[in-house]
Amino acid sequence: MGAVATAPRTEFSLRQRLAHVEQGLFVFGMTIALCVVGALTTDGFLSLNNLSSILQLSVTFGILGIAAAIVILGKGLDLSLAAVAIVTAQVTLELMRRDLSEGRAILLVVLFALVIGLVNGFVVAFVEVPALFTTLATGQLVLGGVLVLFLEENIYSLPEGSAIAVLTDGSILGVPRAVLVGALVFLLGWLFISYTSVGRLIRAMGDNFDTARAMGAPVRPLQVLTYVVAALLAAFAGYVMISTENSVETTGTAFDPLLFTAVTVAVIGGVSLSGGKGTLLGVLAGTLFVGVLNNLLVLHSFSTATQDIVRGALLLAAIALDAWLHPRDEETAKTDEL
Amino acid sequence: MSPLEAVSRQEGAEDPVVRLSGVSKRYGGAYALNSVDFEVFPGEIHAILGENGAGKSTLVKIISGATPHDQGTLWLNGEERVFSAPAQAADAGVEMVYQESSLVESMTVAQNLFLGREKVFNRLSGLNILARELLESHNFHIRPEHAVSSLGAAQKQMVEIARAVHRKAKLVILDEPTSAVTPEERLQLFMSMQRLKRDGVGVIFISHNIEEALTEADRITVLRDGELQGTLLKEDFRRDKVISMMVGRDVEYARRPAGREADPDPVLEVEDVTLIPLVRNMSFSAHAGEIVGIAGLVGAGRSEVAMIIAGITKRRRLRGGKVRFRGREVRYRTPRQARRDGIVYITEDRKVSGFFSHLTIFENIYLGHLCGSKWLPPFYSPRERRSIGQRFVDRFSVRSLQPQLANLVEISGGNQQKVVLAKGLTRKPVVAIIDEPTRGVDVGSIEEIHEMIRDLADDGVAVVVISSYLPEIRALSDRILVARQGHVVAEFDPLEADEERLMFAAVH
């Protein structure tokens with residue numbers, strides 16, 4: 001290397017330093033800060049009951065967050081997850097109301113979720129429609145189509161003695177079963193992303209699609225796979241949801257908060273929308289953060305409108321931070337990394 | 001260095017539009033431009049010549065504000081400037097006409113001409129009349145109401161030139177204006193350059209084509225490896241002089257003879273392959289155990305053919321011809337199919353499609369290894385990643401303090417290139433097509449990479465090296481092919497071919 005006349009830049013900008021911080025740890029820290037705020041401003045935040053209910057309520061969108069993260073890691077995006085989760089729950093209960101056995105109802109609905117995943121994946125990977133539009137459309141289609149063609153009640157309750165209830169019933173060694181189920185899904189997701197070649201290639205594909213394709217990775221099947229896995233996880237999240245809440249509404253109120261949380265949890269946890277970056281540990285941190293936040297909003301008895309504003313602002317802040325830390329513009333990225 | 005010194009032009013009282021003094025630009029550790037002096041006067045056509053990677057683009061990027069320089073001084077209209085955005089340079093009267101047009105394809109010619117300068121209320125017909133006047137004053141036969149997407153490459157450049165004139169540019173930079181145009185269009189382009197000159201505009205014109213520069217330019221500046229080789233006045237224009245300035249090098253790479261005979265039957269045969277728009281009837285073959293070097297200029301269609309062979313380009317662009325692998329005709333739909341058959345293509349543009357910038361060295365190599373297998377193994381083994389990663393880091397002498405932890409963005413270009421090679425070659429391929437193996441690589445690594453490529457051939461792989469870097473072609477190849485304008489025009493024995501002869505074949 002020739003003589004270097006000017007000293008290379010050794011000072012790092014705030015952005016460069018932040019980009020190297022493990023975002024999961026950062027969000028864990030923020031969650032703890034939020035807990036401190038909660039303990040100081042409300043009675044009963046720190047009660048065992050409340051903390052345990054935060055965890056139980058977080059499981060549904062935690063699973064959705066994992067689903068969203070798997071797709072986003074591969075540089076995709078799935079906005080139909082919340083719709084799939086809700087519809088899964090509704091249709092299963094409707095089928096059971098029509099005297100189908102529970103096992104068959106679940107089997108049918110899971111097959112349906114599989115088809116949604118395949119459709120999403122096919123349209124994104126082979127027809128090359130941007131993921132944002134594809135999944136927004138399929139999500140609306142599923143939600144609306146099921147409501148119009150299929151559902152006959154405004155609210156569905158879980159029948160007595162249903163197998164779905166067992167998912168989150170009671171606790172084992174003092175740990176609520178819902179939390180154990182969530183932990184299991186988290187563990188499986190982590191193994192999938194980190195210890196299967198397919199999971200690793202999904203991340204690589206998110207990092208650089210052209211490189212992955214040129215070196216012989218089956219990129220299109222991989223894309224389809226991410227959407228299928230995500231849709232199946234979303235269906236599972238749907239079952240966890242009715243299991244913890246015992247009922248599901250067919251109006252919009254059940255849908256909106258879920259749509260918000262799935263992507264938010266992933267992005268807050270550091271799964272960058274530019275693909276290939278982020279860890280499931282971050283998603284876990286994001287889940288806890290949103291869980292605590294939701295809880296505090298309720299404890300402070302803010303109106304739903306105020307809650308929406310807070311959540312919306314949070315999502316915007318997280319996405320803006322992501323865009324700042326991981327700029328998508330090639331030229332900026334290059335000059336920064338030199 | 002060069003026997004020629006930069007000659008300053010006696011232009012009386014006139015000041016240069018742009019003047020650079022001792023300007024340098026570094027990327028990572030390497031100089032893309034090293035202490036270059038350069039100036040353009042009003043009403044002058046100044047050609048910049050040089051091979052790929054000589055620093056031509058970097059030079060005009062600095063002038064047009066696309067990238068700031070690290071050292072030295074730049075004066076524009078007598079004022080010292082450092083541009084941090086192209087808009088600043090445009091405000092100062094510098095207009096860049098790129099190879100890839102910067103026009104908005106879906107708008108009409110007239111709309112593009114006045115884009116960003118419209119009045120608040122503007123009528124399309126008024127716009128069209130103004131545009132027609134502007135275009136006709138240049139003798140450009142382009143209808144202002146036509147959509148830009150319907151224009152050819154040269155017409156787009158003309159629209160850009162007209163726009164530059166409309167914006168009262170003082171300096172117009174043309175980047176390889178003639179690389180994709182027909183002969184008539186080329187003439188028209190030159191006429192418009194002459195017109196700019198008459199209007200007192202400074203013109204910088206980047207080219208590979210020596211002939212064009214010799215006939216059209218008032219002065220020629222030659223760059224090589226980021227260094228100024230000299231600026232020639234019109235009376236000193238001689239083709240052989242320019243060529244020797246462009247290619248003459250102090251470095252000569254060691255040539256290691258082949259360790260084995262090439263197989264008599266070819267593994268890969270390319271027959272009359274035609275691709276729109278660059279490739280016409282390209283034919284060549286590769287035998288196991290030999291290195292075929294394909295020389296030529298950028299745009300000669302070499303990479304395009306390689307990417308068709310390896311299944312990377314969409315095969316519907318194929319307009320005829322055959323690719324035979326082991327005697328069987330193949331048309332791969334995806335790179336995966338080619339990779340399964342043992343055909344590996346190592347990209348010329350590693351940043352775009354060579355590596356995963358946010359994954360570690362080991363992971364890059366191991367993922368490449370996994371994708372080379374017929375079926376993806378279900379599980380990913382960190383232990384195997386370490387062992388395979390370490391083996392190939394050693395074999396390809398990738399230097400990094402922590403190959404386990406270092407991401408690809410954090411290592412030098414030479415080491416990145418070695419990782420890209422390792423990633424594709426963990427399993428012995430049947431055919432390896434290596435495109436510009438040492439572009440942007442430090443001198444030390446070049447020799448090492450050449451050794452690896454020779455090892456590959458001695459191991460029985462059919463190696464095709466595509467390179468615009470003649471010393472490399474000469475040092476590596478067992479057979480040298482020269483491609484020009486989409487087909488192979490000459491074949492040389494490496495011991496007979498000197499750089500002048502190769503360059504001559506590539507240009508004429």
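This is a predicted model: local features need pLDDT of at least 70, side-chain atom pairs count only at pLDDT 80 or more; totals for chains, interfaces and linings use all residues.
Entry 1, domains. I noted that chain B is divided into domain 1 (18–247), domain 2 (251–342 + 428–508) and domain 3 (349–426). I then looked at how domain 1 of chain B meets domain 2 of chain B. The contact takes 10 residues from domain 1 of chain B and 13 residues from domain 2 of chain B. Their C-alpha centres lie 33 Å apart.

Entry 2, the contact between domains 1 and 2. I recorded a buried area of about 1000 Å² between the two domains, with 62% of it on carbon and sulfur atoms. Helix α8 (residues 239–247) of chain B gives the most to the domain 1 side, with 5 residues. By class, that side has 3 nonpolar, 4 polar and 3 charged residues.

In one, the side chains of B:Arg255 and B:Asp478 meet at 3.9 Å, N to O. B:Arg255 lies in the loop between α8 and β11 and B:Asp478 in the loop between α16 and β19, so the pair ties together parts that are 223 residues apart in sequence. B:Arg255 is partly exposed at 32% relative accessible area.

I found B:Asp458 in a salt bridge with B:Arg256, with the closest N and O atoms 3.1 Å apart. B:Asp458 is in helix α15 and B:Arg256 in the loop between α8 and β11, 202 residues apart. Both belong to a network of salt bridges that also links B:Glu451 and B:Asp455.

Technical notes: Residues are numbered from 1 along each chain as its sequence is written. Chains are lettered from A and ligands numbered from 1 in the order in which they are written. Side-chain values use heavy atoms; hydrogens and water are left out. Domain bounds come from an automatic or database domain assignment. Contact means heavy atoms within 4.5 Å. Buried area is the accessible area (1.4 Å probe) that two parts lose on being put together, summed over both. Helices (H or I, at least four residues) and strands (E, at least two) are DSSP runs, numbered from the N terminus. Ala, Val, Leu, Ile, Met, Phe, Trp, Tyr, Cys and Pro count as nonpolar, Asp, Glu, Lys and Arg as charged, and the others, Gly among them, as polar. A salt bridge is a side-chain nitrogen of Lys or Arg within 4 Å of a carboxyl oxygen of Asp or Glu. Buried means under 20% relative accessible area, exposed over 50%, partly exposed in between (1.4 Å probe, protein chains only).
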